[in-house]
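Biologist: Please put the structure up, and we will go through it by question and answer.

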Amino acid sequence: MDQRLLKLQSLLNDIPGVVKAYFQPPANLTMQYPCIVYERDSATTLFANNTPYRHTKRYQVTVIDPDPDSEIPDGVAALPLSSFSRHFTSDGLHHDVYSLYF
Amino acid sequence: MAEIVWDAPGTRVYETGVDHGVLYLPDVTGAYNTGFAWNGLVSVSESPSGAEATPQYADNIKYLNLVSAEEFGATIEAFTYPDEFAQCDGTASPEEGLFIGQQRRKTFGLSYRTLIGNDIDATDHGYKLHLIYGALAAPTEKAYNTVNDSPEAITFSWELTTTPVAVPGFKPAAQLTLDSTKVSSVKMALIEDLLYGASASEPALPLPAEIISILAAA
């Protein structure tokens, strides 16, 4: 992990209630809930001087929690450059998906 | 007699891009002897004005057009600006880190490069160097917005008006353009050494007379 990703990992791990934050976990990994799963999603580039001037990566951050009234999504929503995308339930687990530029 | 051919290989020329922006500050003699890199340059929109025709009528016909003087103006957009540009934007800095607005605006010079492309070499075909003299920046809006859910950066913008400088043999002008596809590479290198500095010289904006003499030299 590069330094920037380590910082994000630490930021997500430190949200109260999160057992663990997983970066692009393999399909066969047994995850502990409540958790955050995040993965590279997109990126935005600003251009100047005929070159990319600033490149910002976007991550899809999914909070997975059996508690329907979990406060973890509020922690993710409070991060700068974070926006809520959607919510769904699967296998009795609530998924709140966010887009986060970091 | 040769027949006209359109869009032959190598003639599908276009222009694009902007980079290598340099700010030049004049000394008391008007010579632009110091240059500073302008990072984050997004666009330079050239907007000449004037040269408006005023028709004159006589003998029941349009007799002639009187044309007003032409002026050069431009708009610069950039994510940032050199610290030295602050004095050109009406900001004084009496102490390190302190900036006082609404001060006298200093004139400046500017150079930037645009790319020339064609269907064979793409943007490696050549470039143009644009030199602007006697520029004065007008106050413009700086809109600071909250950080939101998408990464954005403020794009600063300045509108320039210019005061032309003397050009031997021609009317005074505020803008010169050099085309690398037409000027020899040796002379372009010489001019770029002047503009961007070299191991033994500081960056400077040569006046039109000096540019013309370099190009006219054998």
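Predicted model: local features only at pLDDT ≥ 70, side-chain atom pairs only at ≥ 80, totals over all residues.

Modeller: Residues are numbered from 1 along each chain as its sequence is written, chains are lettered from A and ligands numbered from 1 in the order in which they are written, and side-chain values use heavy atoms, with hydrogens and water left out.

Biologist: What area is buried between chain A and chain B?

Modeller: The size of an interface is often given as the accessible area lost when the parts come together. Buried area is that loss, taken with a 1.4 Å probe and summed over both parts. Here carbon and sulfur atoms give 58% of it. The total is about 1,200 Å².

Biologist: Which residues of chain A lose the most area to chain B?

Modeller: Contact means heavy atoms within 4.5 Å. By that cut-off, chain B brings 19 residues and chain A brings 13. Three names carry together 45% of what the chain A side buries. They are N49(A), N50(A) and L81(A).

Biologist: How many residue pairs are in polar contact between chain A and chain B?

Modeller: A polar contact is a pair of N or O atoms within 3.5 Å; within protein, one must be able to donate a hydrogen and the other to accept it, and residues adjacent in sequence count only if both atoms are side-chain atoms. Salt bridges put a Lys or Arg side-chain nitrogen within 4 Å of an Asp or Glu carboxyl oxygen, and the interface has 0 of them. For polar contact, with both residues at pLDDT 80 or more, the count is 3.

Biologist: Which strand gives the most to the side of chain A that touches chain B?

Modeller: Strands are DSSP runs of E, at least two residues, numbered from the N terminus. β2 (35–48), β3 (51–65) and β4 (82–90) of chain A each supply at least two residues to that side. With 4 residues, the top contributor is β2(A).

Biologist: Which residue meets D19(B) in a salt bridge?

Modeller: The N to O distance is 2.8 Å. D19(B) lies in strand β1 and its partner in strand β9 (residues 108–118), so the pair ties together parts of chain B that are 94 residues apart in sequence. The partner, buried at 17%, is R113(B).

Biologist: Which residues are linked with D89(B) in a network of salt bridges?

Modeller: D89(B) is buried at 10%. One bridge has its closest N and O atoms 2.9 Å apart and runs to R105(B), which is partly exposed at 22%; that class lies between the buried limit and 50%. The network's members besides D89(B) are R105(B) and K142(B).

Biologist: How far apart are the C-alpha atoms of T16(B) and L115(B)?

Modeller: T16(B) sits in strand β1 (residues 14–26) of chain B. Leaving aside neighbours within four places in sequence, T16(B) contacts T114(B), L115(B) and T123(B). T16(B) and L115(B) are 99 residues apart along the chain, yet their C-alpha separation is 5.2 Å.

Biologist: Is Y63(B) buried or exposed?

Modeller: Y63(B) belongs to strand β6 (residues 61–67) of chain B. The cut-off for exposed is over 50%. Since its relative accessibility is 53%, Y63(B) counts as exposed.

Terms used. Buried < 20%, exposed > 50% of the residue type's maximum accessible area, 1.4 Å probe, protein only. Buried area = accessible area lost by both parts, 1.4 Å probe.
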